[in-house]
Amino acid sequence: MENNKSFLWPEGILIALLALGGVFSLAFMMLLRPNVSEAQSRQSINVKRIAAKVGTQQRIEKLKASMLTSWQQEAQTKGLSYAVPPRFQGAIVKAAKLTQSEKVIALTFDDGPWPETTEKVLDILKSNNIKGTFFVVGQNLKNYPELGKQIVTQGHVIGNHTWHHWYHFFNQQAAAFEIERTTDLIYQVTGAKTNLFRPPGGNLHNGLVAYAKGQKYSVVMWSADSIDYKLPSVPKLIDNVIKDSKPGGIVLMHDGGGNRSKTIQALPEIISNFRNQGYRFVTIPELLEMEDTEQKLLANKKQ
Ligand SMILES: [Zn+2]
């Protein structure tokens, strides 16, 4: 019995120790558990934070995209992205061939933006409720961006007249620089994407027009030259414009590049003279659209 007892005693201790061990290990596990779950929750918070960051970025990108879309729509309704019919993309235009339509004429102004004179031309056009087309020189637009913005915000069309207004020969690379740098700046300053190009001096053979045609610009020439850069008398300037004008015509004048006082003086009279003849004033894209519509109608009739 004693032996048994002595045998049982350590057994009891063993059981007690095992029981204690069990309690400790349970307690230990209880202690550990919250740590594990805390770590898990921390991890999940981090995931949430990353997800939130990604979500915010996606939202910003979405917002940017929607803002750009609405801006583009707004720009298109305002006519800032000029729709030129395919037949005129990469083509040289001197006047619109209009046989059946009403009498229309397009006034164009080159070499600006220019201090004082561009604003004066804009004022005259505004008071007569006329939209014109301005072929700007890149470096002038760089110097007078506010005037460039005014041209577009007042509803006129803006076109490309190269960066430097140089007359020499341009290789492909130099022509790209002259033209694309100007188109880019026009877009940056005004938001207008132009696909209208007018070569300085009307030179069709010095590499610029070849490049512009390759890039699908409409090369816009003219059918009536005011020769205002030679500073003729005001009556002579008016006569230069009127004598060569016919429906669908394009009139060349200058708002920049030098003394344009004669042009400013002649412009109101030129406008009233055209109005008295029954002319309506249109922009170059409007003029091209009219010819395109007429050509399509004629093609349908022939079929
Ligand atoms: Zn010019």
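In sequence, the residues that donate to the zinc ion follow the spacing D-x49-H-x3-H. This is a predicted model, in which local features need pLDDT of at least 70 and side-chain atom pairs count only at pLDDT 80 or more, while totals for chains, interfaces and linings use all residues. Residues are numbered from 1 along each chain as its sequence is written, and side-chain values use heavy atoms, with hydrogens and water left out.

The protein donors behind that spacing are Asp111, through OD, and His161 and His165, each through NE2, and they lie 2.0 to 2.1 Å from the zinc ion. Donors here are N, O and S atoms within 2.8 Å of the metal (3.2 Å for Na, K and Ca), and since water is not among the atoms, sites may look incomplete. His161 counts as buried because its relative accessibility is 2%, and His165 also counts as buried, at 18%; the term buried means under 20% relative accessible area, exposed means over 50%, and partly exposed lies in between, with a 1.4 Å probe and protein chains only.

Pro113 belongs to the loop between strand E2 (104–110) and helix H2 (117–127), where helices (H or I, at least four residues) and strands (E, at least two) are DSSP runs numbered from the N terminus. Asn140, a residue of helix H3 (residues 138–143), touches Asp111, Gly112, Pro113 and Trp114, when residues up to four places away in sequence are not counted; contact means heavy atoms within 4.5 Å. With a relative accessible area of 9%, Asn140 is buried.

Lys216, in the loop between helix H6 (208–214) and strand E6 (218–220), has a positive phi of about 70 degrees although it is not a glycine. Ile227, in the loop between strand E7 (224–225) and helix H7 (234–243), likewise is not a glycine and has a positive phi of about 50 degrees. Ile227 counts as partly exposed because its relative accessibility is 28%.

Helix H6 itself contains Lys213, which counts as partly exposed at 35% relative accessibility. Leaving aside residues up to four places away in sequence, Lys213 touches Gly90, Ile92 and Val219. The C-alpha atoms of Lys213 and Phe88 are separated by 9.8 Å, although these residues are 125 residues apart along the chain.

The aromatic side chains give another way into the structure, and a search of the whole structure finds 4 aromatic pairs. One of them joins Phe274 and Tyr279, whose ring centres are 5.1 Å apart and whose planes stand at 80 degrees, so the pair is edge-to-face. Rings of Phe, Tyr and Trp (its six-membered ring) pair if their centres lie within 6.5 Å, and planes under 30 degrees apart count as stacked, over 60 as edge-to-face and the rest as tilted. Phe274 counts as buried because its relative accessibility is 0%, and Tyr279 counts as buried at 7%. Phe274 and Phe281 have ring centres 6.0 Å apart and planes at 85 degrees, so this pair too is edge-to-face. Phe281 is buried, as is Phe274, and the residues Phe274, Tyr279 and Phe281 form one aromatic cluster.

The charged end of Arg181 sits over the ring of Trp163, 3.9 Å from its centre, and the charged end of Lys193 sits over the ring of Tyr187, 5.1 Å from its centre. A charge sits over a ring if NZ of Lys or CZ of Arg is within 6 Å of the ring centre and within 35 degrees of the ring normal.

Helix H9 (residues 284–302) has 19 residues and reaches 27 Å from its first C-alpha to its last, close to the 27 Å expected at 1.5 Å a residue; that expected span is 1.5 Å times one less than the number of residues. Among the buried residues of H9 are Ile284, Pro285, Leu287 and Leu288.

Finally, the confidence of the model deserves attention: pLDDT is the predictor's confidence in each residue, from 0 to 100. The mean pLDDT of the chain is 84, and 76% of its residues reach 70 or more. Over residues 13–18 pLDDT stays under 50, and the model has 0 contacts beyond four places in sequence for them. Over residues 26–47 pLDDT likewise stays under 50, with 0 contacts beyond four places in sequence.
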